[in-house]
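The following exercises are to be worked through with the sequence and the model at hand. Each task is followed by a solution in steps.

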Amino acid sequence: MAKYELKLPQMGESVAEAIVTNWLKKVGDTVEVDEGIVEVATDKVDSEVPSEVSGVVVELRFEVDQVVKIGEVMAIIETEASAEAVATPTVETTAKVIEKEIEQLQQNVTKTDVVVSGLKSDRFYSPLVKSIAQKEGISLQELDQIKGTGADNRVTKNDMLSYLENREKQTVNRSAELPQNKVAEVKATSFQKGDERIEMSRMGKLIAEHMVHSKHTSPHVQSFTEVDVTRIWNWRNKVKKAFEAQEGEKFTFTPIFMEAVAKALKDYPMMNISLEGTTIIKKKNINIGMATALPDGNLIVPVIKNADQLNLRGMTKVVNDLAKRARANQLKPDEIKDGTYTVTNIGSFGNVFGTPIINQPQVGILAIGAIRKTPAVIETPEGDVIGIRYKMMLSHSYDHRVVNGALGGMFVQRVGEYLENWDMNRDI
């Protein structure tokens, strides 16, 4: 048996506390994974706090109307899992963190009213219920007809799931009443012989929802620049063997790129921001997300915290460690949070350039293309000559609500300048 501490999660960047409005479980009740335990309210949103484990509630530490600080333990849940299993984060835990962030983003949009097709309802719905309604395309009129079994006749998650199950059965029954030729026609348009149905993974669904939300939220604009990285190519070849012999790990191009991005963010701090409504939040720390492909095809973004304070050797160690543990499903939840800007190395797949989607609530993301040998004009005191150079493309996507073309273009150009003007005599 192990005891799990249910803590009040982050409810938004400027939120420090919440008020307990209703306990959905009491001591002795059983609780399932993702089932709501308590309802809380802040000055911005009302929300349910779900459990990340299954077990029995053995302690409630706050009364209704008491104030809870972010991160404080609200309840204790006894679970049959081992203590190690409860304490060790996995990709599943990581997925829950992403899910909470998505729900928070949705809460910022919906506030305390349900808004569907431009209409509003005076009936209270929890953010989780709102999210399910939006995802399943449930209209406001349809939502208002669902009978609630929660406190004060509120609609709960289980009410929504039951409603959706019954709705699906009704759809199937209606299909059964169709003439057989019509049923066959419907099936033929959606599924052919030899096709394979593959259900998306839980993390895949969360990523898809996050990406759709980003495209819906931010008008994406792109700027591209070509960078001559011949100096870096030659310098890395000169130092990498000694580094790998000393440290026992690879010295890739990624830490070099991350260092250049961190420097450019210091030069252009208005790229290191987020947007909350009409308020710009200028970030103090430079925390660079590093998009990392997982063995199952999904993507995760571990964060290099305070990247501008790391020297190149330190940056290399952090990059290698995060990438290794990301692929082994060993990242901690805090290691994928609080990013202020993101970099994705599409060149590792041989891609030249791309148009990446912004990782909300950030306002920019940089895609680094493959390094290629290309013929180029080289200026010399004796005149221009043609030579072989190592070049790559930088693709910068940014949120045009707050980043105009000048800033977006100057930022990516500055990253390129740091790379092109690399010191060949530098020590790692």
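**Exercise 1: A residue of the core**

Setting aside residues up to four places away in sequence, Phe-411 touches Val-261, Ala-264, Leu-265, Tyr-268, Met-271, Tyr-341 and His-396, where contact means heavy atoms within 4.5 Å. The model is a predicted one, in which local features need pLDDT of at least 70 and side-chain atom pairs count only at pLDDT 80 or more, while totals for chains, interfaces and linings use all residues. Residues are numbered from 1 along each chain as its sequence is written, and side-chain values use heavy atoms, with hydrogens and water left out.

Task: State how many residues the largest nonpolar core has and which elements supply it.

Solution. 
Step 1. A nonpolar core is a set of buried Ala, Val, Leu, Ile, Met, Phe, Trp, Tyr and Cys residues joined through side-chain atoms within 4.5 Å. Buried means under 20% relative accessible area, exposed over 50%, and partly exposed in between, with a 1.4 Å probe and protein chains only.
Step 2. The largest such core has 51 residues, and Phe-411 is among those with the most contacts inside it, together with Val-261, Met-271, Ile-288, Leu-366, Val-415 and Leu-419.
Step 3. At least two residues of this core come from each of helix 8, helix 9, strand 14 (288-290), helix 10, strand 18 (341-344), strand 19 (364-368), strand 21 and helix 11. Helices (H or I, at least four residues) and strands (E, at least two) are DSSP runs, numbered from the N terminus.
Step 4. Helix 9 gives the most to this core, with 8 residues.
Step 5. A second, separate core of 18 residues includes Ala-18, Trp-23, Ile-37 and Val-57.

**Exercise 2: The course of helix 8**

Task: Describe the span of helix 8, its bend and its buried residues.

Solution. 
Step 1. Helix 8 covers residues 230-247, 18 residues in total, and its first and last C-alpha atoms are 25 Å apart, close to the expected 26 Å. The expected span is 1.5 Å times one less than the number of residues.
Step 2. At Val-239 helix 8 bends by about 40°; the bend is the angle between axes fitted to the seven residues ending at a residue and the seven starting there.
Step 3. Val-239 is also one of the buried residues of helix 8, the others being Thr-230, Ile-232, Trp-235, Arg-236 and Phe-243.
Step 4. The cover over these buried residues includes strand 11 (220-228), helix 9 (254-267), helix 10 (312-327), strand 21 (383-399) and helix 11 (405-420).
Step 5. Just after helix 8, Gly-248 has a positive phi of about 75°.

**Exercise 3: Charged pairs**

Solution. 
Step 1. A salt bridge is a side-chain nitrogen of Lys or Arg within 4 Å of a carboxyl oxygen of Asp or Glu; the structure holds 18 of them.
Step 2. In the bridge between Lys-317 and Glu-247, the closest N and O atoms are 2.7 Å apart.
Step 3. Arg-414 and Asp-267 form a salt bridge with closest N and O atoms 3.1 Å apart.
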